[in-house]
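Try each task before reading its solution.

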Amino acid sequence: MLNPLMRAGRHISETLRDERGRRLRGAAAREQERARLAEVGIHDASVADRYPFELSGGMRQRVGIAATLAGDPGVLLADEPTTALDVTTQAEILALLKTIQRRRDMGMVLITHNLGVAFGMCDRIYVLYAGQVIEHGPSEEIARSPRHPYTRGLLDSDPPAGHRVATLTSMPGSVPRAADVLEVCPFADRCAFAADVCRDVPVELRPLGAGRESACVRIEEIGAGLAARDALRAEAAPVAEAPVLEPIVTVRDLRKDFTRAGRTVRALRGVSIDVAAGESVGVVGESGSGKTTLGRCLVGLETPTGGTVRIGDVDAGDYGRLSRREVAGLRSRVQMAFQDPYSTLSPARSIGAVLKEAIRLDGAQHRRLDDEVGELLSLVGLPAAYAGRKPAALSGGERQRVALARALARKPDLIVCDEIVSALDVSVQAQILTLLTRLQRELGVAYLFITHDLAVVRQVTDRLYVLRHGELVESGATEHVLDEPSAEYTRALIASIPAREHLQKEYRQ
């Protein structure tokens, strides 16, 4: 975490000391700042004088790594170092970490929910569940032959990058509180292989030979069953020809400029897209490609500099010029779900109060609000009792379900989904993606799916737009774009996907 009030170089030099233990200052500090930035691939000395908000996500991550390494640690603890980064920047950061680790002969503990990153980068894996280590061993062996049902469930939930599966696999339920499962197998209530013995006594890691351990008391009995589940990931979904439908959103030659301190940044440079009723459309690209700006222009959070946005038969290019009634109509047609639902939910208000407020916005009176709240929660797979809870009492996946329920309260034709699964573990991610598919099937809602995860976008979208530096570089059916990309930039994105087998070859040689 970088201090927004400190320049990048200061983050590095504040921990540096001379041989007498005094903090480095002046020319000595500047020299070390430049050297440490160069080590993480930043050779522009002026970066030391910039504040974090003036840097890209990848640059901020590199500065953070440089600051962490300033103390010359023997072990680097990397906690989700690539979670919010696009695939190409993520690949750069992972390669950087591996290079520095080898150069310094340094140990590294990598904490991540990205299985491709974990299995590709690490020599050994510890799998944690409800505060307990439930499996441990060499990464390649665990990836090839997991020895605990939870590990098998994680592998099954991770969407393959190379093809679209017929059904996304997810584990039912959610992680229990650690204090509630101290005397039993913590995974027993979610496990398809659970028996009475799993709930009789606390489980402990047991050696399985060759440096492997498992906390599953039935592993000898169920090992063949775990291996058989690999077939689930191999089943590819047939690619159906998408019907040609009338667009509900039409964007033409969209441009958006941002001006700060006399400097103009062009976020969108003449982008044109369509979204039809009931369709799922993906928008991918690196950080700074204009993905989120495009989505925000559709819902009126940004006003385009030029071009047109039509939602139905309404010119939605400038919400500020529309009447309250017209804006209310647009809000009923297009809603947005964000990456971090917790930041969009008031921590002081119950889930029921949040949903009631959304329901009231259409102006209807004398409604049975409690019943409608219960129906919305049921629609997204949550019990009606959750209406009395506050956001802090929910898991990340549950909060994302609430965010979707709030968006659905207006019965929209389109939901703009901005990185809504990027911060979730693979099983919860699969649950949310399955939920989106079900809602689309039942309600006919369309999605504009903004993401940097190409494996995810393959599973949930019909058509795909690829943006780079605010420009549209390629578009078409999702399978066609990902399997036969025509643009060099698209090929570079695909090559950066952190698939387990790719990373093992790329970074662990």
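Strands here are DSSP runs of type E with at least two residues, numbered from the N terminus. With that in hand, note that the model is a predicted one.

**Exercise 1.** Find which strand holds D253, and say whether D253 is buried, partly exposed or exposed.

*Solution.* Start with the location: D253 belongs to strand β7, residues 247-260. Next, look at the backbone: its phi is positive, about 50°, although D253 is not a glycine. For background, most residues other than glycine have a negative phi. Finally, D253 has 39% relative accessibility, so it counts as partly exposed.

**Exercise 2.** Place D72 in the chain and classify its accessibility.

*Solution.* First, D72 sits in the loop that runs between α3 (57-69) and β1 (75-79). Its phi is near 50°, a positive value in a non-glycine residue.

**Exercise 3.** Decide whether the radius of gyration of the protein chain agrees with that of a compact globule.

*Solution.* Begin with the chain length, 509 residues, for which a compact globule would have a radius near 23 Å. The protein chain has 25 Å, which agrees. Of the 509 residues, 49% count as buried.

How values were computed:
Residues numbered from 1 in each chain as written. Predicted model: local features only at pLDDT ≥ 70, side-chain atom pairs only at ≥ 80, totals over all residues. Heavy atoms only, no water. Rg over C-alpha atoms; globule rule 2.2 N^0.38 Å. Buried < 20%, exposed > 50% of the residue type's maximum accessible area, 1.4 Å probe, protein only. Helix = DSSP H or I, 4+ residues; strand = E, 2+ residues; numbered from the N terminus.
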